[in-house]
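This report describes how parts of one protein chain pack together. Please consult the sequence and the structure while reading.

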Amino acid sequence: MKAAGSDTTRDVYEKNAEDYDRNRARAFFEARWLSRFADTIPQGARVLDLGCGAGEPIAAWLIGEGFQITGVDFSQAMLEIAEKRWPKGDWRHGDMRTLDLGDCFQAIIAWNSFFHLTKDEQRACLPRLARHLEPGGVMMVTVGPKDGVATGTVEGDTVYHASLSAAEYAARLEDCGLRLTAYMAEDAWCDYHSVLLARKDAGA
């Protein structure tokens, strides 16, 4: 799948881990969505942070709010930075395309990571995410504003982005026992990120 983008995106993060971490915005433009996410799950909940990178600023915020974080990333170089910051943290090298932790969480967040998968990989990944979520659990994911493929950059190197339509996300989430509870495309209060929230049915 190297030509499609996900593997080359991993290579870009491996190459640029320290520079990316140093330059990553920490102004917490994500605060409204993070607060909304936190308000929907129990205090001290176990949260799976997919594409956690070096842990700043998303995992750091969640840790500061008292949540128990398991961070997973496909870039070993990014994880090494996170491990230095939180030596006792639960940091795991893994790929959401083949995710199988043998565990369930009360919440999952995939901020600026899930959209690096191709559309077909996203379709295949959603059931995997659902299997890692406890009944009644919440998932928050950043996606694209519409169905399509695009590119971005990390420290000047090209990375791959893809998105399904909001309608397809809603339908595929429902197939996995999750219901879309919130969606906003290009939220101006969140640096124009497109964000979706979903909750797993209590009986799923």
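Two residues are in contact when heavy atoms of theirs lie within 4.5 Å. The model discussed here is predicted.

**Helix 1 and helix 4**

Two packed helices are described by the angle between their axes and the distance between the axes. For helix 1 and helix 4 the angle is about 40°, and the axes are 7 Å apart. On the side of helix 1, the residues that meet helix 4 are Tyr13, Glu14, Ala17, Glu18, Tyr20 and Asp21; their partners in helix 4 are Gln76, Ala77, Met78, Ile81 and Arg85. The classes of residue in this contact are listed below.

| Class | Count in the contact of helix 1 with helix 4 |
|---|---|
| Nonpolar | 6 residues |
| Polar | 1 residue |

Helix 4 has as its buried residues Ala77, Met78, Leu79, Ile81 and Ala82. Their cover includes helix 1 (6-23), strand 2 (68-73) and strand 3 (90-93).

**Nonpolar cores**

The largest nonpolar core comprises 28 residues. Within this core, Phe37, Val47, Leu62, Ile109 and Met140 have the most contacts. Among the elements that give two or more residues to the core are helix 2 (31-39), helix 4 (76-85) and strand 5 (133-143). Another core, of 25 residues, lies apart from it and has Leu48, Phe114, Ala130 and Leu164 among its members.

Leaving aside neighbours within four places in sequence, Leu62 touches Phe37, Val47, Phe67, Ile69 and Ile109.

**Arginine 32**

Arginine 32 belongs to helix 2. Its relative accessible area is 57%, so it counts as exposed, the cut-off being over 50%. Between the C-alpha atoms of arginine 32 and tryptophan 189 the distance is 8.2 Å, although 157 residues separate the two in sequence.

Note on methods
Residues numbered from 1 in each chain as written. Predicted model: local features only at pLDDT ≥ 70, side-chain atom pairs only at ≥ 80, totals over all residues. Heavy atoms only, no water. Core = buried A, V, L, I, M, F, W, Y, C linked by side-chain atoms within 4.5 Å. Buried < 20%, exposed > 50% of the residue type's maximum accessible area, 1.4 Å probe, protein only. Helix = DSSP H or I, 4+ residues; strand = E, 2+ residues; numbered from the N terminus. Axes fitted to C-alpha atoms, helices over the stretch in contact; angles between N-to-C directions. Nonpolar A, V, L, I, M, F, W, Y, C, P; charged D, E, K, R; others polar.
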